[in-house]
Amino acid sequence: MTDIDLFAVDSADLARLRARLVNAADSVQLLDLAYRIVDTPIGPLLLAATEAGLVRVAFQCEDFDAVLEDLATAISPRILRAPTRLDEIATELDEYFASRRRVFDVPLDLRLSSGFRQTVQRFLPHIKYGQTASYKEVAASVGNPNAVRAVGTACATNPLPIVVPCHRVLRADGSLGGYLGGTAAKAALLELERAA
């Protein structure tokens, strides 16, 4: 006699149940954060959004479970995997990695940054696709030329990498500097943009 799992649910039924849960939570405004994971040429990315817009892009090296826990603490524990709510940014990322998109149009929720960090992060999209700026140039551009280290910190803590292009900020000597997703990812993003 073989063991039979009386509580087994096939994957199609499970997907339908998840979709119903997301729709029900969304319809009564219980879904504060939606997330999904997308595959990209630089590895999987976790995308998370609130009603206001995209709030987080995370690299796999950041540990997606830890990122979700941080979001639950910082924003709301009412978080569900709801891929369709992030279709627009997933499409825009696909277009970016296929060299068909140079600017992201999705609404952003910048609540995970404040003060000077947010000032820097608001400036970063002004560095044009395929171009770079030094940390010093960014500091001068945001009105605080002596805040080179603070610009580095703002880039290192950018909750929306790629979409808010901190990868376009380099050291004064042209070397990469650090990057949340790792220097290989930063180099790949810069090469993608240079080649387009």
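## Aromatic pairs, helix and sheet

Tutor: Searching the whole structure gives 4 aromatic pairs; rings of Phe, Tyr and Trp (its six-membered ring) pair if their centres lie within 6.5 Å, with planes under 30 degrees apart counted as stacked, over 60 as edge-to-face and the rest as tilted. This is a predicted model: local features need pLDDT of at least 70, side-chain atom pairs count only at pLDDT 80 or more, and totals for chains, interfaces and linings use all residues. Residues are numbered from 1 along each chain as its sequence is written, and side-chain values use heavy atoms, leaving out hydrogens and water.

Student: What type of aromatic pair do Y96 and F104 form?

Tutor: Their centres are 5.5 Å apart. The angle between the planes is 40°. That makes the pair tilted.

Student: Why is the pair of Y96 and Y129 classed as it is?

Tutor: The ring centres of Y96 and Y129 lie 6.1 Å apart. Their planes stand at 85°, so the pair is edge-to-face.

Student: Are Y96 and Y129 buried or exposed?

Tutor: The scale is relative accessible area: buried is under 20%, exposed over 50%, partly exposed in between (1.4 Å probe, protein chains only). On that scale, Y96 and Y129 are both buried.

Student: Where on α3 do its buried residues sit?

Tutor: Helix α3 covers residues 87-97, and its buried residues are I89, A90, E92, L93, Y96 and F97. Helices (H or I, at least four residues) and strands (E, at least two) are DSSP runs, numbered from the N terminus. The arc uses directions from the helix axis to the C-beta atoms. These residues cover only 165° around the axis, so they are on the same side of α3.

Student: In what order do the 4 strands of the open sheet run?

Tutor: Two strands pair if DSSP finds at least two bridges between them. The pairing here is mixed. β3 and β4 each have a single partner strand, so they stand at the edges. The order is β3-β2-β1-β4.

Student: Which residue in β4 is the bridge partner of L33?

Tutor: β1 and β4 run parallel, joined by 3 bridges. The partner of L33 is I79.

Student: How many disulfides are there?

Tutor: A disulfide needs a pair of cysteine sulfur atoms within 2.5 Å. For C166, the closest cysteine sulfur is in C155, at 5.5 Å, which is too far for a bond. The count is 0 disulfides.
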